[in-house]
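Here is a short tour to read with the structure open beside you. Take the headings in any order you like.

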Amino acid sequence: AQLAASDTYLLMAEEDGCMWCARWSAEIGPIYPKTPEGKAAPLRKYDIRVAPTDVTFASRVRFTPTFVLIEDGVEQGRIEGYPGDEMFWWMLTTMFERAAVAMPDEAGS
């Protein structure tokens, strides 16, 4: 069975003063919601010092930014750090493929 989009999201751990968080927010943040990835797994941010209680992490998040793919409240994969836009998209695509995230078609459905 396919998961509803709301059951799958990308969780971003960030903190004040994190230059890599700011860089991701400037370079990827504005376009992410418009991409197939952003539609399949909408972004949800949280402060690393206050972990969400509705998520089961594979291990403690220690770095910012950390991007955690969540399906039905359970971690399916993560990207630690921001390696630049091209590498981020490659790592994100790989993570989505490993987790078998259903992507919307090109028509945007």
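## A charged network

In this predicted model, Glu 80 has a relative accessibility of 44%, so it counts as partly exposed. Glu 80 forms a salt bridge with Arg 78, with 3.7 Å between the closest N and O atoms. Arg 78 also meets the side chain of Glu 75 in a salt bridge, at 2.8 Å from N to O. Through these shared partners, Glu 75, Arg 78 and Glu 80 are joined into one network.

Is Glu 75 buried or exposed? Its relative accessibility is 13%, and because the cut-off for buried is under 20%, Glu 75 counts as buried.

## A salt bridge across the chain

The count for the structure comes to six salt bridges. One of them brings together the side chains of Arg 44 and Asp 54, at 3.0 Å from N to O. This pair links distant parts of the chain: Arg 44 belongs to strand E2, while Asp 54 sits in the loop between E2 and E3, 10 residues apart.

Arg 44 has a relative accessible area of 29% and is partly exposed. Asp 54, at 46%, is partly exposed as well. As a general point, side chains of opposite charge can pair when their charged atoms come close.

Now turn to strand E1, which covers residues 8-14. Six of its seven residues are buried, so the strand is largely enclosed by the rest of the structure.

Which strands pair with E1? One is E3 (residues 66-71), which runs antiparallel to E1 and is joined to it by six bridges. Here Leu 11 has Val 68 of E3 as its bridge partner. Another is E2 (residues 43-47), which pairs with E1 in the parallel sense over five bridges. On that side, the bridge partner of Ala 13 is Tyr 46 in E2. In a regular strand, side chains alternate between the two faces of the sheet.

## The disulfide

How many disulfides does a search of the whole structure find? The search finds one, and it joins Cys 18 to Cys 21 with an S to S distance of 2.4 Å. The torsion about this S-S bond is about 80°, so the disulfide is right-handed.

Cys 18 counts as buried at 12% relative accessibility, and Cys 21 counts as buried at 4%.

Definitions and conventions
Residues numbered from 1 in each chain as written. Predicted model: local features only at pLDDT ≥ 70, side-chain atom pairs only at ≥ 80, totals over all residues. Heavy atoms only, no water. Buried < 20%, exposed > 50% of the residue type's maximum accessible area, 1.4 Å probe, protein only. Helix = DSSP H or I, 4+ residues; strand = E, 2+ residues; numbered from the N terminus. Pairing = 2+ DSSP bridges. Disulfide = S-S within 2.5 Å. Salt bridge = Lys/Arg side-chain N within 4 Å of Asp/Glu carboxyl O.
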